[in-house]
Amino acid sequence: MNIEKVVQASKCRSCGYCFSVCPVNAIDMIYTDGFFRPAVNVSQCVQCGKCVKNCPAENAFAENGLLGSYVDLLLAHSSNRDVRHNATSGGVINSLVRFLLKERIVDGILMAGYDDKSVNETNSQLITLDEMNILEKRTRDFSSRYVLTPVLTGMRNIPERIKKLAVVGTACQIQALKLGGGKADLDIFTIGITCSGGMSYKATEQYKKLQNMPMSKMFYRGDGWPGKNCLIFSDGKKLEYNHLGSLFERMFSSQIFKNPGCRGCRDHFAEQAEISFCDFWNIEERRTESEGNSCVIIRSKRAEEYFDKMLEAGFVEVARNLNENEVVETQMQVLKAKKGSLHNSVRYHMFTQIKDYVFKHNLYEKFGVKEYNRFCKFYRKLCESQKL
């Protein structure tokens, strides 16, 4: 009764929480196929079952509509022009975490960020008030990472001086915190980001290989909205493409590099968080907006209070209020995949078998935009055929 049964069943979502809650430190996170997976040292394991009890893949939450419960829906962006331009979608998350630190509402922020020492260029990072300036100076390092990052491994070594913590995470990471609650004396404010499924770092490796820039640094988004995929060398040489329709975006949307464990997730909007954020893929927004806005889903009174104070302090600006229908419309394909009956479809199971075979045997190494597009189109048609 430990987390290995989840891994063996290809259900692991790599949130990293089992690593942190194990009372005897019997779990390591092992890098394989571009993902970090938990591995149990059987000689240390005491079979307490705590890792499984706190696993989001093993514990489903009750669903409340397509968005989950919420207090308000807004379209907003950072008041800092550089942050807005360099962050993923208007920079509201960046502004929120800086505000929480500056006002000492929290003592630390746990989130994913660029790490050149990590095998996949990203890692769980704890940021305190003393380090807050890096969020503004290195905004793109903390914008969307796309790579599946076990952020909650950072929960193991939260210093005793930190009593109030904010965690920026995907739906499964927020669910895990909801199950475990963290340390007894730790007050956690949860900030959710939408996720259509975690991605293997093998996609990034292959993308760099195709661009003949294997040793470059990868920025997945940023530089305006919808942003640019950018590879950059230490000497400043760079190669960038607009995100939508790019080779990397096609690789991402093809589903070939997606984590199999994410197929069981029905939560797109991080419904268990106190506040959630997503891209607003509205047709008019895509036509007219170049700097970016975030769809803000405020879910708790505490989050509403923090957001109002942040607005008053001039950290963010609200473009307008949103209604649920228009938010749902901008995320329709993913919602049909997660909330519909897609996973019961015979055609879907055939599709997953093919794409898993392509990934396992590295057949994607022979692919270009044309081949990825075929997978994208087939998957889109599968999703469009579903009903919500």
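Helices (H or I, at least four residues) and strands (E, at least two) are DSSP runs, numbered from the N terminus.

**Ground rules.** I am looking at a predicted model, where local features need pLDDT of at least 70, side-chain atom pairs count only at pLDDT 80 or more, and totals for chains, interfaces and linings use all residues. Residues are numbered from 1 along each chain as its sequence is written, and side-chain values use heavy atoms, with hydrogens and water left out.

**Helix 7.** I started with helix 7, residues 171–180, and found seven of its ten residues buried (under 20% relative accessible area, with a 1.4 Å probe and protein chains only). Among them are A171, C172 and L177. I then asked what the buried residues pack against. They sit against helix 2 (17–21), strand 6 (164–169) and strand 7 (187–193).

Next I looked up an open sheet of three strands, in the order 8-9-10, with antiparallel pairing (two strands pair if DSSP finds at least two bridges between them). Strand 8 (217–219) and strand 10 (238–242) are at the edges with a single partner strand each, so one side of each has no neighbour in the sheet. Strand 8 is joined to strand 9 (residues 228–232) by three bridges. I also spotted F219 opposite C230 in strand 9.

**D279.** My last entry is D279, in strand 11 (residues 275–279). Is D279 buried or exposed? D279 is buried, at a relative accessible area of 11%. Its side chain makes a polar contact of 3.2 Å with the side chain of R221 (a pair of N or O atoms within 3.5 Å; within protein, one must be able to donate a hydrogen and the other to accept it, and residues adjacent in sequence count only if both atoms are side-chain atoms).

Terms used: Buried means under 20% relative accessible area, exposed over 50%, partly exposed in between (1.4 Å probe, protein chains only). Contact means heavy atoms within 4.5 Å.
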